[in-house]
Amino acid sequence: MAAAAPSPDPLDVAAEATRGLRGLSTELTARLPRLLEAMRSLGDGPDAHTVLDRIVRTAAELVGARRAAIGVHHADGDAAGGQGLADVVTYGETETETETETGTGTETDRERCAELLADAQRTGTPSATRPQGSYLSVPLRVGEEVFGTLCLAGKRDGGPFTESDRQLVEVLATEAGIAIGHTRVQGATRQRERWIEGSVAVTQALLSGDAGEGPAVVAEKIRELADAVVGIVLLPEEGEGGLKVAAVAADERSGLLGAVLPARSPAVPRLLAGQPVVIEDPAADPLLGTGVPGRYGPSLMVPLSSGDRVVGVLATARERGARPFTVTERTLAAQFAAQAAVALVLAEAQRDRERLAVLEERDRIARDLHDLVVQRLFATGMLLESAERQLDAPEVRERIERAVEELGATIQEVRTAIYALQQTPPETPPGLRGRVLREVRAAAVPLGFQPSLTLVGPVDSRVGTATGAHLVAALREALSNAFRHARAERIEVVVDATGRLADGRPSVRLTVADDGVGVPAGGRRSGLTNLVRRAEALGGSSGVGPGLGEGGRGTAVVWEAPLPSEGA
């Protein structure tokens with residue numbers, strides 16, 4: 001098999017092509033190898049700006065221009081509300097070099113280049129496509145698309161640009177257009193990959209972490225992907241029709257968390273209908289109807305839509321004076337928002353399933369405790385009571401009696417645990433039982449142990465809102481006193497909704513007993529005084545009695561308030 005022929009040297013190809021060109025001027029033919037070398041030097045770069053810098057320098061050196069500039073139109077055409085320039089790159093000699101030059105000065109060259117680029121910005125094509133003395137401009141094309149202008153001003157030799165110069169620059173501009181187009185494709189590909197990776201990262205984070213942190217994760221990621229200064233997630237405000245800021249990602253404190261975009265804002269109906277909102281100047285745009293985000297520049301708001309349901313709004317903004325969001329960026333942001341919305345819905349559904357599984361397991365444990373443990377304890381207590389009646393020895397009878405009392409207390413504590421297992425999720429406002437349980441559990445942290453709790457009677461249904469609030473405050477005060485002063489090792493809390501006051505009226509009685517050091521003589525009693533005042537304000541009473549320790553050591557705070565009659 002014959003060996004592959006070696007690749008020809010580009011300069012040899014250029015020389016051969018030059019010999020084959022007929023009808024060209026000697027000047028142009030002599031400059032073609034240099035043109036081909038310049039075209040080869042363009043190549044690709046890591047970004048469009050690098051390629052532009054290489055092109056403008058090569059063009060100036062090829063035709064001997066003192067100054068050159070390239071203005072590149074936005075890839076999306078209407079990204080800035082019209083035919084604008086996405087990038088401008090200039091090349092020119094230093095002031096020291098231009099001092100020795102004669103003819104048109106550098107400042108005039110710069111001004112003329114600016115005029116040519118401005119003209120191209122308005123019309124979409126350069127006006128000086130034919131040499132006009134010391135100025136020349138040609139369009140940068142890829143296919144039929146004109147996406148930029150190359151401007152050259154002031155020849156180093158002081159002469160005008162020639163037709164040969166124009167032909168060389170046009171060939172170079174064609175190659176430059178291809179190079180820039182290729183770089184743009186690469187940049188767009190990298191941009192899409194970045195947004196796709198961001199969507200995947202958000203989905204993984206939401207499905208593997210706490211769904212409650214989902215809005216914060218989404219806000220931080222949109223800020224990163226959009227090269228913005230702030231990312232915001234807004235959720236529909238129940239009953240009001242507006243949008244409330246649920247998460248904010250920003251380097252500086254924004255003060256936006258909890259802010260509301262009211263329903264009267266023209267942007268709200270559009271967003272809730274699934275339409276994006278693009279705002280170039282939030283301070284002046286009437287769409288928002290609020291001055292809260294006026295400190296920011298170009299802003300983009302896209303709905304978080306899952307199917308026909310809008311679960312929220314994703315917003316991001318750049319600094320004032322920054323470039324607007326392009327059509328491509330808006331499309332990518334909308335796609336990201338759609339993916340984030342699906343991830344949020346899935347994460348919420350996953351959390352609901354996990355919560356349901358936990359509640360079902362807790363319900364099973366509660367049933368087992370009630371059906372097995374409580375019944376066995378109760379049966380054991382009945383056996384002991386039966387044995388007690390058949391014994392004549394006082395010491396044995398006393399021990400059995402104490403064992404029966406302990407079993408009774410254990411049964412009450414197990415029933416309290418059963419109730420705790422049957423509690424509704426934390427986001428549901430708890431009744432009085434739940435509030436009492438929460439206070440007792442919270443006290444375990446400073447105390448170093450868990451106080452026991454016994455709930456007797458229909459606490460939730462019999463105790464009114466005002467009385468319940470005072471009872472919880474009294475419980476908190478009593479537990480605080482026990483922690484600060486009692487040095488107790490055991491605390492028992494009893495809430496009894498079946499009590500009676502001295503005059504026979506029904507009452508709810510709170511008892512907090514400990515085995516601590518008791519109330520010292522002459523010690524401060526401000527906490528106990530507060531308890532008395534709360535009880536008396538409701539028509540009840542509060543006092544102290546013997547504690548749980550041997551010989552009554554410790555303190556038992558008894559707080560009592562009247563309840564309405566059951567027939568009332």
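Reader: Which residue's side chain does Glu329 meet in a salt bridge, and how many Å is it from N to O?
Author: First, this is a predicted model, with residues numbered from 1 along each chain as its sequence is written. Local features need pLDDT of at least 70 and side-chain atom pairs 80 or more, while totals for chains, interfaces and linings use all residues; side-chain values use heavy atoms, leaving out hydrogens and water. A salt bridge takes a side-chain nitrogen of Lys or Arg within 4 Å of a carboxyl oxygen of Asp or Glu. Here the partner of Glu329 is Arg318, and the N to O distance is 2.9 Å.

Reader: What parts does this pair tie together, and how many residues apart are they?
Author: Glu329 lies in helix 9, whereas Arg318 is in the loop between strand 10 (309-317) and helix 9. (Helices, H or I with at least four residues, and strands, E with at least two, are DSSP runs numbered from the N terminus.) So the pair joins parts whose separation in sequence is 11 residues.

Reader: Are Glu329 and Arg318 buried or exposed?
Author: The cut-offs go by relative accessible area with a 1.4 Å probe and protein chains only: under 20% is buried, over 50% is exposed, and in between is partly exposed. By that rule, both Glu329 and Arg318 are buried.

Reader: How many salt bridges turn up in the whole structure?
Author: Another one joins the side chains of Lys155 and Asp165, at 2.9 Å from N to O. Lys155 sits in strand 4 (residues 145-155) and Asp165 in helix 6 (residues 163-208), 10 residues apart, and the pair links distant parts of the chain. Searching the whole structure gives a total of 12.

Reader: Which strands stand at the edges of the antiparallel sheet of 6 strands?
Author: This open sheet runs in the order 7-6-5-10-9-8. Two strands pair if DSSP finds at least two bridges between them.

Reader: What is the bridge partner of Ser305 in strand 10?
Author: Strand 9 (residues 299-306) pairs with strand 10 in the antiparallel sense, over 8 bridges. In strand 10, Ser305 has as its partner Val310.

Reader: Which helix packs on this sheet?
Author: Look for the helix touching strand 5 (230-236), strand 6 (243-250) and strand 10, with contact meaning heavy atoms within 4.5 Å. That is helix 7 (residues 214-225).

Reader: What is the bridge partner of Leu455 in strand 12?
Author: This takes us to an open sheet of 5 strands with mixed pairing, in the order 11-12-13-15-14. Strand 11 (452-456) and strand 14 (541-546) are its edges. Strand 11 pairs with strand 12 (residues 491-500) in the parallel sense over 5 bridges. The partner of Leu455 is Val495.

Terms used: Axes are lines fitted to C-alpha atoms, for helices over the stretch in contact, and angles run from 0 to 180 degrees between N-to-C directions.
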